[in-house]
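Below are a few exercises, each with a solution worked through in steps.

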Amino acid sequence: MQISIFQDPYQYSYKWHIFKGTDLGKIYDTIPWDDLEECLPTQNSPVGAPRWFSNKGMFALMFLKAYLNLSDEKLIERFNTDFSLQFFCGKNLNNEIVKDKTIVSRIRTYIADHADMDKVQGALVNAWKKDMGNTHVLLMDATCYESYVRFPTDVKLLWECCKFVFEKQLYKYCKVLKIARPRSKYFVQKKLQLGYDRIRRKTYNKGLKRRKSLVYLLEKGLKQLDELLETYPSITLNPLQANYLSTSKKILEQQTFLLSNPAKELKNRIVSLSKPYLRPIIRGKETKPVEFGAKVHMMQVDGINIIDHISFDAFNEGTRLKTCVTKHKGIFKECHQLGADKIYATNANRNFLTENKIFTCFPKKGPKKHGKAESVLQSAIGAKRATVMEGSFGVEKEHYGLRKIKARQEKTERVWIFFGIMTANAARIAKRKSVQDSPHLQQVA
């Protein structure tokens with residue numbers, strides 16, 4: 001075997017050249033890393049042990065998470081074996097390996113706690129402006145990015161609370177303290193719940209009967225648990241348990257109210273014990289009339305989506321038109337045409353757009369000034385909103401990890417959604433630049 005005395009000094013550069021020629025390398029070139037690094041404070045303590053990722057590396061890992069559409073564990077496995085992902089994050093492992101499988105979720109939490117996402121989005125959009133055309137056209141619409149939760153029903157929610165109170169709290173502490181369990185009908189109700197779950201056709205009366213029984217059971221269990229905690233002050237609940245207990249009490253109040261009142265009179269309805277911030281978002285679709293997740297109001301300019309507002313509470317997107325036009329003018333200076341659906345066509349919005357001389361796809365109330373030419377332009381703007389913008393929502397959900405958001409906290413769900421949208425934007429910009437740089441591809445396009 002021949003032993004080389006000198007190592008190849010261009011080995012790193014050769015791999016870097018290969019990386020820059022890939023689609024991931026082209027996306028890397030579209031992201032303003034220096035500006036993103038300034039959006040996070042200097043790390044005084046490592047996020048990982050040892051500190052695997054710098055500020056740039058943490059942002060890069062979030063982009064990779066959305067681009068590859070992998071779980072946190074699979075992403076780290078891929079990172080350990082793929083040099084292109086290491087180049088993307090600015091971290092060459094050499095002979096090391098990242099064994100911490102929770103580091104991705106902890107980085108997501110760190111970014112949610114320390115980064116201003118509006119500032120991050122501003123840095124990205126400012127870097128992409130030079131590659132965007134037709135910036136005088138603004139499109140807007142809202143969509144819902146669903147959370148990864150089972151479809152909630154009142155019976156499921158009440159039984160979930162009962163299981164937490166009795167099995168995970170009350171009975172566990174009784175076993176540790178070696179005391180007798182307080183009397184209850186929990187195991188009887190457990191058998192009844194199993195029988196109810198097996199029923200294929202669950203009528204309203206059967207559901208109402210189960211709800212009444214579970215409300216009574218949950219109320220009794222919460223009283224017994226409170227008495228136990230008062231009797232034994234040495235028992236301390238961790239933050240997660242305390243949060244679950246507080247949420248269970250709120251659910252009991254709401255479900256007691258629903259037994260004698262219509263659902264439309266209940267505000268801030270809780271639909272998940274583990275995610276009490278979720279609310280039912282009524283979308284009016286045939287296949288999904290109600291969705292459970294974050295409602296996002298989006299602006300689109302030349303195919304690039306810009307987040308205007310994220311909320312887990314339902315809101316009327318028609319009230320966001322003036323704010324969006326103001327934001328658009330702050331970024332792109334001018335707005336002459338606007339595309340939106342009929343919910344935005346209120347009298348207040350029409351007057352605002354008329355004052356600012358912005359042409360829209362809204363149906364005209366009065367006579368048409370320009371006849372057929374005006375109708376053609378209206379149809380073109382409306383068609384672009386209905387195809388390009390709504391199509392981009394589907395692409396993000398299918399290919400960038402936004403079909404079901406699996407983060408477990410409100411703040412981390414926001415970060416998950418943000419990087420899914422921004423990664424899709426970076427891929428569009430990269431594809432656009434590659435077409436511009438290649439005359440052959442430009443002719444084909």
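**Exercise 1: the cores**

Which residues touch the most other members of the largest nonpolar core?

*Solution.* Keep in mind that this is a predicted model.

Step 1. Start with the core itself, which has 94 residues; Phe 59, Phe 88, Ile 111 and Leu 338 touch the most other members.

Step 2. Now ask who contributes. Helix 16 (residues 410-437) gives the largest share, twelve residues.

Step 3. Zoom in on Leu 338. Beyond residues up to four places away in sequence, its contacts include Leu 138, Met 140, Val 325, Phe 359 and Ile 381.

Step 4. For background, nonpolar side chains tend to be buried together in soluble globular proteins.

**Exercise 2: the overall picture**

Describe the protein as a whole: its secondary structure, its extent, its burial and its contacts.

*Solution.* 

Step 1. Count the elements: the protein has 17 helices and six strands.

Step 2. Box it in. Along the principal axes, the C-alpha atoms fill roughly 85 × 80 × 40 Å.

Step 3. Check burial and surface. Of the 445 residues, 46% are buried, and the protein exposes about 24,700 Å², with 53% of that supplied by carbon and sulfur atoms.

Step 4. See how far contacts reach. Taking contacts between residues at least 6 apart in sequence, 67% join residues at least 24 apart.

**Exercise 3: rings**

How many aromatic pairs does the structure hold, and what geometry does the pair Phe 166 and Tyr 186 show?

*Solution.* 

Step 1. The tally comes to 23 aromatic pairs.

Step 2. Take Phe 166 and Tyr 186: their rings are 4.9 Å apart centre to centre, with 20 degrees between the planes, and the pair is stacked. The reasoning is that planes under 30 degrees apart count as stacked.

Step 3. Phe 166 is in helix 9 (residues 154-177) and Tyr 186 is in helix 10 (residues 186-198), so the pair ties together parts 20 residues apart in sequence.

Step 4. Find the ring cluster. One aromatic cluster includes Trp 16, Tyr 28, Trp 33, Phe 59, Phe 88, Phe 418 and Phe 419.

Step 5. Finish with charges over rings. The charged end of Lys 397 sits over the ring of Tyr 145, 5.4 Å from its centre, and Lys 406 lies over the face of Tyr 148, 4.9 Å from the ring centre.

**Exercise 4: polar residues under cover**

Is Gln 300 buried or exposed, and which side chains does its side chain meet in polar contacts?

*Solution.* 

Step 1. Locate Gln 300 in strand 3 (residues 290-301).

Step 2. Its relative accessible area is 1%, so Gln 300 is buried.

Step 3. The Gln 300 side chain makes a polar contact with the side chain of Asn 305 at 2.8 Å and one with the side chain of Ser 392 at 3.3 Å.

Step 4. Now compare Glu 317, in the loop between strand 4 (304-311) and helix 13 (321-332). At 8% relative accessibility, Glu 317 counts as buried.

Step 5. List its surroundings. Leaving aside neighbours within four places in sequence, Glu 317 is in contact with Ala 142, Lys 295, His 297, Ile 343 and Tyr 344.

Methods. Residues are numbered from 1 along each chain as its sequence is written. This is a predicted model: local features need pLDDT of at least 70, side-chain atom pairs count only at pLDDT 80 or more; totals for chains, interfaces and linings use all residues. Side-chain values use heavy atoms; hydrogens and water are left out. Rings of Phe, Tyr and Trp (its six-membered ring) pair if their centres lie within 6.5 Å; planes under 30 degrees apart count as stacked, over 60 as edge-to-face and the rest as tilted. Helices (H or I, at least four residues) and strands (E, at least two) are DSSP runs, numbered from the N terminus. A charge sits over a ring if NZ of Lys or CZ of Arg is within 6 Å of the ring centre and within 35 degrees of the ring normal. Buried means under 20% relative accessible area, exposed over 50%, partly exposed in between (1.4 Å probe, protein chains only). A polar contact is a pair of N or O atoms within 3.5 Å; within protein, one must be able to donate a hydrogen and the other to accept it, and residues adjacent in sequence count only if both atoms are side-chain atoms. Contact means heavy atoms within 4.5 Å. Accessible areas come from the Shrake-Rupley method with a 1.4 Å probe; for residues, only the protein chains shown count as cover. A nonpolar core is a set of buried Ala, Val, Leu, Ile, Met, Phe, Trp, Tyr and Cys residues joined through side-chain atoms within 4.5 Å.
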